[in-house]
Amino acid sequence: MERSYYLLNPGELRRRDNTLQIISFSGEKRDIPIETVYDVYCFTDINFNADIMEFLGAKGICLHFFNYYEYYSGSFYAREKLVSGELLVRQVCHYVDLEKRNCLAKKFVSGSAGNILRNLKYYSNRGKVFDSEIKFIESELGKLDFCNQTNEIMGFEGNIRKKYYSAWTEIIDDKFSFVKRVKQPPDNEINTLISFLNSVTYAKILSEIYKTQLNPTISYLHEPSTKRFSLALDVSEIFKPLIVDRLIFSAINKQIITEDDFDQELGALTMRPATVKNLLKDFDLALSRTIFHRSLNREVSYRQLIRLELYKLIKHFLGDKEYSPFKIWW
């Protein structure tokens with residue numbers, strides 16, 4: 001069974017026959033059969049050479065890098081094997097045609113907002129009061145249909161997120177102070193958790209895109225630009241409420257994460273190594289969680305939900321079926 005591997009201790013990455021070998025600086029060795037590796041995430045100093053990069057590339061394995069502050073810094077995105085000129089042309093056509101682009105951008109926002117509303121209603125059913133937040137978000141969604149510019153659509157997405165974040169202090173029972181979203185650098189524990197888990201989710205979705213014929217640089221809600229795989233940003237908007245936000249709520253409310261899990265240094269709030277390790281373990285467990293898919297009539301994991309979302313986009317581009325964003329139904 002393929003799985004993700006998270007490298008947290010400094011060391012070296014080598015190829016040993018048909019095995020990925022991890023050697024810590026203390027000399028400890030670990031051999032991992034390459035057939036079990038889905039993707040690799042580096043959160044520490046790792047030495048490697050061209051041989052291991054060629055090995056990973058031949059196997060179609062993405063290698064994602066995070067810096068000292070646990071921010072995503074880049075990926076080794078191997079030469080694509082699943083290429084389709086027809087799909088690429090269709091993706092571009094849906095970007096240059098403003099009506100088609102805005103149609104997709106609105107769907108990403110509506111999918112994200114729908115999942116945000118599901119989270120708020122979940123806690124409303126458990127005694128929290130979010131009537132004003134829910135009413136505001138539903139009102140913004142109603143106005144979305146009349147937007148004709150992508151930047152306006154992005155503005156609605158930002159307004160919805162801002163209102164949603166205003167409810168977080170109530171969801172987490174005032175365990176942490178959280179006034180607004182601050183990214184560079186995060187100014188408190190909640191913003192640190194959001195930035196970290198958003199980055200890991202972005203990298204995970206990029207790995208899933210690599211397994212399809214989609215081009216990751218052509219996006220619709222976020223503006224395509226150099227040095228980023230912006231389609232992963234579009235798709236991540238849909239899955240952050242399910243994966244990132246619910247993980248944060250659970251970790252804080254169950255006191256898995258406390259103020260003692262953070263350090264203030266060099267003008268930034270960082271998580272302690274043990275905290276990062278535990279969060280990644282919970283993140284992996286979340287991706288492995290399964291639900292009964294009503295359309296497929298079988299159990300699927302959260303990671304498979306991401307891949308299914310990409311397949312729906314492919315069908316949309318090829319004109320087989322109009323894209324409908326994933327929305328939480330449980």
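Hi everyone, let's start with a pair of strands: strand 7 (residues 62-66) and strand 8 are antiparallel partners, joined by four bridges. By pairing I mean that DSSP finds at least two bridges between the two strands. Strands (E, at least two residues) and helices (H or I, at least four) are DSSP runs, numbered from the N terminus. In this pair, Leu63 has Phe76 of strand 8 as its bridge partner.

A quick word on the source. The model is predicted, so to speak of a local feature we need pLDDT of at least 70, and side-chain atom pairs count only at pLDDT 80 or more, while totals for chains, interfaces and linings use all residues. Residues are numbered from 1 along each chain as its sequence is written, and side-chain values use heavy atoms, with hydrogens and water left out.

Four strands make up an open, mixed sheet in the order 1-5-7-8. Strand 1 (3-7) and strand 8 (72-76) are at the edges with a single partner strand each, so one side of each has no neighbour in the sheet. On average, neighbouring strands here are turned by 20° against each other, direction ignored. Angles are taken between N-to-C directions and run from 0 to 180 degrees, with axes fitted to C-alpha atoms, for helices over the stretch in contact. Helix 7 (residues 189-210) lies across strands 1, 5, 7 and 8, at about 145° to strand 5 (37-42).

Which residue sits in the loop between strand 7 and strand 8? Glu70 has its place there, and its phi is positive, about 65°, although Glu70 is not a glycine. Glu70 counts as buried because its relative accessibility is 9%. Buried means under 20% relative accessible area, exposed over 50%, and partly exposed in between (1.4 Å probe, protein chains only).

A second open sheet, also with mixed pairing, has four strands in the order 4-3-2-6. Here strand 4 (29-33) and strand 6 (46-47) take the edges. Strand 3 (residues 19-24) runs antiparallel to strand 4, with five bridges between them, and Thr19 stands opposite Pro33 of strand 4. Helix 1 (residues 50-58) packs on this sheet, touching strand 2 (11-16) and strand 3; contact means heavy atoms within 4.5 Å.

On to helices. In helix 2 (residues 85-96), Leu87, Gln91 and His94 are buried. Viewed down the axis of helix 2, the buried residues fall within an arc of 65°, so they line one face; that arc uses the directions from the helix axis to the C-beta atoms. Why does that happen in a helix? An α-helix has 3.6 residues a turn, so residues three or four places apart point the same way. Helix 3 (98-124), helix 8 (230-253) and helix 10 (302-317) are among the elements covering the buried residues, while exposed Gly85 and Val96 are on the face turned away.

Helix 4 (residues 131-144) and helix 5 (residues 150-166) have axes that come within 9 Å and cross at roughly 175°. That makes the two roughly antiparallel. Their contact includes Phe136 and Ile137 of helix 4 and Phe156 and Ile160 of helix 5.

Four residues lie between the strands, and Asn297 in the turn has a positive phi of about 60°. Is Asn297 buried or exposed? Asn297 counts as exposed, because its relative accessibility is 57%.

Conventions:
Parallel < 35°, antiparallel > 145°, perpendicular 65-115°, else oblique.
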